[in-house]
Amino acid sequence: MALDDQKSVFKFVGTRPDRPDGLDKVTGRAKFGADVSAAGMLHGAILRSPYAHARIVKIDASKAEAHADVKAVVTRADFSDKVPFKPGLEGEFWNVLENVMAGDKALYDGHAVAAVAATSALAARDALKLIEVDYEVLPHVTEVDKAMATDAPVIREGAADYSVPEGMHPNVVRYHESGHGEVEAGFAEADLVVEDSFTTEATHQGYIEPHACLAQLGADGKGELWCTTQGHWIAQKTCAALLGIETAQLRVTASEIGGGFGGKTTVFIEPVALALSRKANRPVKIVMSRSEVFRATGPTSSASMDIKIGMKKDGTIIAAEGIFRLQGGAFPGAPGDMTAMCAFAPYNLTNVRQVGYDVMANRPKQAAYRAPGAPMGAFAVESVLDELCNQLGLDPVEVRLKNAAHDGSKASYGPTYDQIGLVKTLEEAKAHPHYAAPLKPGQGRGISCGFWFNHGGETSVSLALSEDGSAQLMVGTPDIGGSRASMALMAAEVLGIPYENIRVTVADTATLGYNDVSHGSRVTYASGLATIKAARHAVERLCARAAAKWGIPEDAVKWEDGCAVPSGPNAGDFDPLPLADITANMGATGGPISGHFEATPEGAGVSFGTHIVDAEVDPETGKTAITRYTVIQDAGKAIHPTYVEGQYQGGAAQGIGWALNEEYIYGEDGRLQNSIFLDYRIPVASDLPMIDTVIVEVPNPGHPFGVRGVGETGIVPPLAAIANAVSNAAGVRMRDLPMSPPRILAALKARDG
Amino acid sequence: MTVKVHLWSGLRALTGGQAVVEVEASTIAEMLRALVRQHPALQGPIDAGVSVSVDGRIMASDLTAPVGAENEIYLMQRLRGG
């Protein structure tokens, strides 16, 4: 059921005003993570393991400590010893601590083992060479299937949680199984069953801004941290736990952020900089190199998947089963459960079973990357659907429409869907000129649907009115996708004042109550909902001032188009009282007028998208060109459509990279072979076609304006849609990502025998 | 009030094969406590983090949300985002 007060007619929402951070960013005035400095500041650098798996026998830092330029050296001993180890994700603080500074063992190539603070960045890097570490090299494993094998080296005993069935290798740390119906009986009724296996490699979020921070922590336990992050409250909480200080004594300020995509939802260098600062008693700045970003911050999981789908001749899916094994580095957390729950979610299935494994290997700790886990599962499932359509001679959009989940369908992960927009995205795809456009020889077309849950999360917002009638809005969610513009539009809609009169600030941790990270496509939904409620709170106070001025009851005043007005003919005959007229005297009529809202909104609303891709494969070089791309996605309500389109295009662009070129390449020695952008190929402008977008709006019943998150769903369909296009162009099913030129050439060679 | 809680199938090993458990509860917090009372082995998954779907609306963490006999309730693994 929709919220009683859901609004559907708008004045500001849905318009496309200039972005509030635009001038700062094009003039270089915006302050990113590395742009902050402090008097007396030192520079930190981190010594990293050259081995994929090794016992740390001894660290001798005496030569580094004796150097005149070095002011502090830290190792694991300089962090809290009271962070408990627990199985699975329950011990996440311990997992993060172990990741930011190794304990007894180095667990992957690039794992931090010590750090120094020195008077210059160069001196700090040079000083790392003075630290002597004795390693006992251990056997390693980096591939998911090998990490699950009986003879695989054990990363860490005791990391598996309650869910793992007996008899599995200790590297399997979590297990998920869900579904409904009887899949075997369903397969027996199918006219055609296709069963196939797929792999995807780890990819990095590829944010252009590397991790950077400036930290200051005194012996009194009071600290300041400036950093680039998607969530400064989680940074505050985690750093406080890892340093053994009180949370409230550490104030964290988020800088402008040069991309995050999920990868900046945790901490890496921040606790290290704080530990160095505490030891040196001076501020310490750390900026990662690109190589450090690749080697030691979270890429996605890699995946190995088996899919089996049975279909009737008319295109009805009769049964579906998927096994999803996700490798998440040397720590629990690979989202095998999310992959499993999302993989079949677009379809209305009678018989479905999905199993997910979270597997550890000697790689960096995986981090979220837009809809974590969902793109891999969609790649595998939608590839098999495409194969079924090809073999049965069926239209891929018609088949998806025939099986599409709709309002009242039972989701593959259990519950019944409320109001959802998948069918609308498929109908838009079917009607889109792209879908009817003829293909040239050598080209292929691919279709895929995608699903993501979206999230609410703890949210706290404060809005303060100024005497001149302008408004300051403080939110706690770093702006990773244009949220300051969206928040201002929503506040403008409620207050009835121009968008330009509202300044939105991402406030620090000392200014607002706890705010969950900018993740889960939650910001426009949750901070937006909180902004609307905070603005409504301010409006109540404005109406009360008008009522007092007019000498009528507060409930006899309503708010219309930026003015207090009598609520009806019986309330009295008063001219509309504009907001600025009320705030002009607010100091003398009761004091400052503000609005606040704190809650954990729980109505995020799931989201679906459908992508259409045309690809052309060069049979001589194996290079793929994406010749046309259309994204169709349900936004619920697009607050600022330009940003929504940008999210859709960004998801497609990153998906193109993931599908065609991006991959972590490990050598036999377990070391990452391609830790710079020259060797790790993200798409550049010349790789991309114009990416067309269609915004579908099926309102989310859980938001006052109908908003659904849009940041993540856009990366779910691309891998599959591109793989289907490439497979159809090449005439051979591509089962492994990335579909790089050598891999395509090999597939073409195998096709031709 | 008796509420029916649907479990993901991976949990059946902890409930003697039951896919649906009936407990007395009027909020999610009461429901989770009652589930553990009836099936102590569910403490592990609940401690590890769960979300609850009530009539298709996923409660990621809210323990105070009301639940009733008329609601369709699914226990889900806690959602994580990027």
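**A friendly note on this predicted complex**

1. Let's begin with chain B: residues 24 or more positions apart account for 50% of its contacts with a separation of 6 or more (a contact puts two C-beta atoms, placed from the backbone, within 7 Å). This is a predicted model, where local features need pLDDT of at least 70 and side-chain atom pairs count only at pLDDT 80 or more, while totals for chains, interfaces and linings use all residues. Residues are numbered from 1 along each chain as its sequence is written, and chains are lettered from A and ligands numbered from 1 in the order written.

2. Chain B contains two helices and five strands, in the order β-β-α-α-β-β-β from the N terminus (DSSP runs: helices are H or I, at least four residues; strands are E, at least two).

3. On confidence, chain B averages a pLDDT of 93 (the predictor's score per residue, from 0 to 100). The complex receives an ipTM of 0.96 and a pTM of 0.97.

4. Over in chain A, ten of the eleven residues of helix α8 (residues 270–280) are buried, so the helix is largely enclosed by the rest of the structure (buried means 20 or more other C-beta atoms within 10 Å of a residue's own, exposed 12 or fewer, partly exposed in between; C-beta atoms are placed from the backbone). Just after this helix, A:Asn281 takes a positive phi of about 60°.

5. One of the buried residues in α8(A) is A:Val272. Leaving out residues up to four places away in sequence, A:Val272 touches A:Gly44, A:Ile46 and A:Ile286, among others.
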